[in-house]
Amino acid sequence: MISTHDGKTRIAYAFESAVSEVLAEKTRKALQQYNVHGLLLGGGVACNRHLRRKFEHVTNDEQVDVYLPDFEITTDNALMIALVAFYRLSLLSITKCAAQ
C-alpha cells in the first residue's frame with residue numbers, strides 16, 4: 001500500500017489499480033470464451049508488478065498457464081518504434097536527395 005498522503009501518488013495508484021482490474025477481467029472472459037490453455041504477457045506492461053500479480057491470480061483461478069518474462073527483458077516498445085520511424089524518415093530524406 002501507499003505510505004504517503006500525496007494526492008498525485010494516490011491518483012496514480014488508483015488509476016493503475018483500475019486499469020489492472022479491467023485488463024484482468026477482460027482477460028478472464030477471453031480465457032473462458034476461447035478455451036485458452038496459456039497466456040503470455042509481454043512488452044513494457046509485463047514489467048508492472050501489480051499487473052503481473054493480477055494476471056497470475058486470473059490464470060491460477062482459470063487453471064491456465066501464464067508465461068511472464070524476466071524483468072530485465074520487459075522493455076517498452078516505444079523506443080523501438082521511434083528508432084524505426086527515425087531510420088525510415090532518414091532513408092526517405094536520402095532517397096529524395098538522390099532523386100533530385
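This is a predicted model: local features need pLDDT of at least 70, side-chain atom pairs count only at pLDDT 80 or more; totals for chains, interfaces and linings use all residues.
Student: Which residues of α1 are buried, and what covers them?

Tutor: An α-helix has 3.6 residues a turn, so residues three or four places apart point the same way. In α1 the buried residues are S20, A24, T27, R28 and L31, and their cover includes α2 together with β1, the strand at 38-40.

Student: Is H50, in helix α2, buried or exposed?

Tutor: H50, which belongs to the helix of residues 49-61, counts as buried because its relative accessibility is 15%, and the cut-off for buried is under 20%. Apart from neighbours within four places in sequence, H50 is in contact with Y13, E16, S17 and S20, and S20 is itself among the buried residues of α1.

Student: Which residues make up the largest nonpolar core?

Tutor: In soluble globular proteins, nonpolar side chains tend to be buried together. Here the largest nonpolar core consists of five residues, namely L39, L41, A46, L51 and F55; the contacts of L41, leaving aside neighbours within four places in sequence, include F55, Y67, L68 and P69.

Student: Where is there a nonpolar patch on the surface?

Tutor: Such a patch is formed by L79, L83, F86 and Y87, which together have about 460 Å² of accessible area, and F86 is placed in helix α3, residues 78-99.

Key: Residues are numbered from 1 along each chain as its sequence is written. Side-chain values use heavy atoms; hydrogens and water are left out. Patches are made of residues with over 30% relative accessible area and no salt bridge: like charges are joined within 9 Å, nonpolar side chains (Val, Leu, Ile, Met, Phe, Trp, Tyr) within 5 Å. Accessible areas come from the Shrake-Rupley method with a 1.4 Å probe; for residues, only the protein chains shown count as cover. A salt bridge is a side-chain nitrogen of Lys or Arg within 4 Å of a carboxyl oxygen of Asp or Glu. Helices (H or I, at least four residues) and strands (E, at least two) are DSSP runs, numbered from the N terminus. Buried means under 20% relative accessible area, exposed over 50%, partly exposed in between (1.4 Å probe, protein chains only). Contact means heavy atoms within 4.5 Å. A nonpolar core is a set of buried Ala, Val, Leu, Ile, Met, Phe, Trp, Tyr and Cys residues joined through side-chain atoms within 4.5 Å.
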